[in-house]
Amino acid sequence: MLKIATLAFPLILVAGLAPQARADASRNPAGIPEIIQEANEAKQARQPLPGLDSYFEPWYRMKRNLSEQHGFDFSIAYTPLYQVASESLSGRSNQASGGIFEALATWALLDRGGEHPGRLGFRIENRHRLWSEVVPQSLSAEIGAGVPTGIGFGEFDPSLAELWWEQEFIKDRFSVRIGKQLPFGYFDYFPFKSPKTAFTNAAIALNPTIAWPQFGLGISTEIRPREDIYIVAGLQDANGNPARSGFDTFFDDREYFKIAEIGWDPGFLKDGKKNSLAPDYHATVWHTDARTALGRPEGWGAGFTATQPFGSHLVVFGRYGYSSGGAALLKHLVMGGIAYNGAFGWAQDSAGLAFGVGKPSAAGLKTQFTAEFYSRMQITKRLSLTPGIQLIANPSSNPQRDLLAVLGLRARVTW
């Protein structure tokens, strides 16, 4: 798959994309519908390529027709990331690189455009190393940082990572999703949580006071008693694996991750229309069973996240999380920051700055201070580049250094 992705990269790189029909998405940028929506929306590019746009028009016309006539929306994307740290533990690598190739789709098969729509969602994904010996998700172990500096950029073979059915019993008010899914892509809304497009440090994007499981079988539901209030809850296989169906672990091991939230998002849903710029305030509680085979303990936790836009560009956010039992990476987390959409006068450019203080769950590790800045630049309609820097003070498991810097460069190409 790495060879396929590498060969496809030049072709994807030059491809432009005409405006597509937008997927009916909720509000989580790491979820399948939201990734498709972000990939397919029209972009203002620094360097338009009109000749290539017209050359690939049959491809885009086909995508539009599939969406409009059959309710089938999809995207293909490739996201490589390179990171280098100022220091490492003695004899360890200070560089990491990896890529994520993904093909995602939703298919509205039941009552499309009606009051009780149902849709199928799936994600095929491959995560791999590039030229370094270490992937970005593992760089933290090489430098002694308490949480990953490149969350999500790990390794697994090409897999059907998600396959679920989502049924709206009352449109925009009551829905259930069942099947193989990623809880991180459904719960704990945060508009800058996707490491493919925004922050990459786990202390900022992931909320590591939650013992998130991987892709696995589960059920999730959302209820809106009012337009501005939502309640979400779910039960997930705690031993999920993107490369396995998960029926054996879900029904035989019966070790589960449970999560519930209540949130207030005034202005998001109004008269059947969705406004992604609405504020969001939500409280989360979760519990995970002990994972016997892996020797992981039982744990639980709670937290609160707030996101408040000011106008159409500036967003201020903050989070507090707590966990007990040692199942999550962090026992305490305080995080906050700002982001600016439409940075530097370009509609799709964005920049973010965030700070986090995290106390590890493991005894004997130091409280770590983390800061991350990124600037995402839309180069062509389909290519964005995102340089970034992380500063890590008092790294949790590095007694040799008081301060580390991690420089990163990320690209994202959508097709």
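In which sense do strand 11 and strand 12 pair, and over how many bridges? Select strand 11 and strand 12 (residues 299-310): they pair in the antiparallel sense over nine bridges. Strands and helices here are DSSP runs (strands E, at least two residues; helices H or I, at least four), numbered from the N terminus, and two strands pair if DSSP finds at least two bridges between them.

This is a predicted model, in which local features need pLDDT of at least 70, side-chain atom pairs count only at pLDDT 80 or more, and totals for chains, interfaces and linings use all residues. Residues are numbered from 1 along each chain as its sequence is written, and side-chain values use heavy atoms, without hydrogens and water.

Within this pairing, His287 stands opposite Trp300 in strand 12.

Buried means under 20% relative accessible area, exposed over 50%, and partly exposed in between (1.4 Å probe, protein chains only).

Move to helix 2 (residues 32-40), where nine of its nine residues are buried; among them are Ile32, Pro33 and Glu34.

Finally, select Thr386 in strand 17. Thr386 is buried, with a relative accessible area of 4%. Beyond its neighbours within four places in sequence, Thr386 is in contact (heavy atoms within 4.5 Å) with Tyr374, Ser375, Arg376, Gly408, Leu409 and Arg410.
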